[in-house]
Structure formats: C-alpha cells, structure tokens
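Here is a briefing for someone meeting this structure for the first time. Please look over the sequence and the model before reading on.

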Amino acid sequence: MKAYRIILSRRAEKQLKKVPKHIREALLVWIHSVKLEGMPVVRLLKGYHNEALQGMRRKERSIRLSKYYRAIYKCTEKIKKSKNNNIS
C-alpha cells in the first residue's frame, strides 16, 4: 500500500481553529483514514461525497464535512529527497 502524507496549509490550519469542533474532528478522522487505509479506499466511502472539481480547480478534489463545510485537497506525486537520500 502506498503511504500518504497530508500537509495542511497555514491558511487551512488557521481556518480549522475557527470551525465548529465536530467539523474539525471530521476532517481529522478523514486524514487519519487516508493515512491508514490509503486514498483509493477512502475515496470510495460514501459519507464524504468525495468529488472531483471542475474549471480552474480541475486538479483538485473536495470532501463534504457537513452540509456547509467542505475540504478541498489535491494529490501530488512529488517526493522530496533529503541530504541523506532518504525519502521524506
């Protein structure tokens, strides 16, 4: 299984502090699920309504955390090598 690393932008971290607790917890559960089970498995879960976006955001996807909140994300294949040639 492929390992996934979730990186939240500073803007996202700041916005998470302002949302209701149940929304923050829903996102953290989704992140934990991606790390444990992998993106292909989590995309199939119907509760998150994982959808591809269109237009200028066509390379991004969204999940619904509630009726009013969505999280937008994108998957990248970039892998950085450190000075020790370890993959991070």
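What does the accessible surface of the protein chain come to, and what share of that surface belongs to carbon and sulfur atoms? The surface comes to about 7,800 Å², of which 53% belongs to carbon and sulfur atoms, with areas taken from the Shrake-Rupley method with a 1.4 Å probe. This is a predicted model, in which local features need pLDDT of at least 70 and side-chain atom pairs count only at pLDDT 80 or more, while totals for chains, interfaces and linings use all residues. Residues are numbered from 1 along each chain as its sequence is written, and side-chain values use heavy atoms, leaving out hydrogens and water.

**Elements and sheet**
- The protein chain has three helices and three strands, which are DSSP runs (helices H or I, at least four residues; strands E, at least two), and from the N terminus on they run α-α-α-β-β-β.
- The three strands form an open sheet in the order S1-S2-S3 with antiparallel pairing, where pairing requires at least two DSSP bridges between two strands.
- Strand S2 (residues 61-64) is joined to S3 by four bridges, and Ile63 has Ala71 in S3 as its bridge partner.

**Aromatic pair**
- The structure holds one aromatic pair (ring centres within 6.5 Å; planes under 30 degrees apart count as stacked, over 60 as edge-to-face and the rest as tilted).
- The ring centres of Trp30 and Tyr73 are 5.0 Å apart and the planes are at 50°, so the pair is tilted.
- Because Trp30 lies in helix H2 (residues 21-37) and Tyr73 in strand S3, the pair ties together parts that are 43 residues apart in sequence.

**Burial**
- Buried residues (under 20% relative accessible area) make up 22% of the 88 residues in the protein chain.
- Trp30 is buried with a relative accessible area of 4%, and Tyr73 is buried with 12%.

Key
Buried < 20%, exposed > 50% of the residue type's maximum accessible area, 1.4 Å probe, protein only. Phe/Tyr/Trp six-rings, centres within 6.5 Å; stacked < 30°, edge-to-face > 60°.
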